[in-house]
Amino acid sequence: MMRVGLTGGIGSGKSTVARLLAERGAVVIDSDRLAREVVAQGTPGLSSVVERFGGEVLTAAGELDRRAMAERVFGDAAARADLEAIIHPLVRARAAELETAAGPDALVVHDTPLLVEAGLAGRFDVVIVVDVPSDVQLDRLVRLRRMSPEEAGARVAAQASRAERLAVADIVVDNNASVEELSAAVDSLWERLSQAPPP
């Protein structure tokens, strides 16, 4: 099994790269999706979040109010660390289950937005960073995700810097071009990963 860590800043196109790799045969384990699953309604994870942050982070239906939670933690490093201390171990445990189920010959891609922040680079055989300049990130967040410039700036600032991500990269995928060029880059990446000797 080859274990690949895939990361990139918000708005970098990391999720698109993950999708393209899945289309080519990779088993993709999406940390964001797992992070939602482990705090779904009725889970021990959600109970822990409510115990720490109070009922105001729930919707009227009793689900986690993601926007309220984001507003609560993005400007408060201690609160964000508390939330991550609840969610990250649960995500890692679920990811390990999915990885085991993938089988010994699989090429497993862990789509992990906070790979650098959580100090996880050493856990993978290869780390891939999807990279774009900061101004491109901000433009995409404002234009495509309808964030205010201030909110976009805060989201980018809350993550590892571009330099910090590039420092842990074994492979860098430049996504400052067209979708067609990105797809071609992923073709080359897939060929490279598929031909790599097993770890």
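**A buried glutamine and the packing of helices**

Gln 159 is buried, since its relative accessible area is 17% and the cut-off for a buried residue is under 20%. The model described here is a predicted one. Leaving aside residues up to four places away in sequence, Gln 159 is in contact with Gly 9, Ile 10, Glu 117, Gln 137 and Arg 165.

One of these partners, Gln 137, also takes part in the packing of H6 against H7. In general, the angle between the axes and the distance between the axes describe two packed helices. For helix H6 (residues 134-144) and H7, the angle is about 130 degrees and the axes lie 9 Å apart. This angle makes H6 oblique to H7, and the crossing is right-handed. On the H6 side, the contact is formed by Gln 137, Leu 138, Leu 141 and Val 142, which meet Pro 149, Ala 152, Gly 153 and Val 156 of H7. Six of the residues in this contact are nonpolar, two are polar and none is charged.

A further helix to look at is H3 (residues 44-53), where Gly 45, Leu 46, Val 49 and Phe 53 are buried. Viewed down the axis of H3, the buried residues fall within an arc of 95 degrees, and therefore they line one face of the helix. That buried set packs against helix H4 (66-74) and helix H5 (77-102), whereas Pro 44 and Glu 51, on the other side of H3, are exposed. Just after H3 comes Gly 54, with a positive phi of about 90 degrees.

Conventions:
Residues numbered from 1 in each chain as written. Predicted model: local features only at pLDDT ≥ 70, side-chain atom pairs only at ≥ 80, totals over all residues. Heavy atoms only, no water. Buried < 20%, exposed > 50% of the residue type's maximum accessible area, 1.4 Å probe, protein only. Contact = heavy atoms within 4.5 Å. Axes fitted to C-alpha atoms, helices over the stretch in contact; angles between N-to-C directions. Helix = DSSP H or I, 4+ residues; strand = E, 2+ residues; numbered from the N terminus. Parallel < 35°, antiparallel > 145°, perpendicular 65-115°, else oblique. Left-handed = near helix turned anticlockwise from the far one by under 90°. Nonpolar A, V, L, I, M, F, W, Y, C, P; charged D, E, K, R; others polar. Arc of directions from axis to C-beta.
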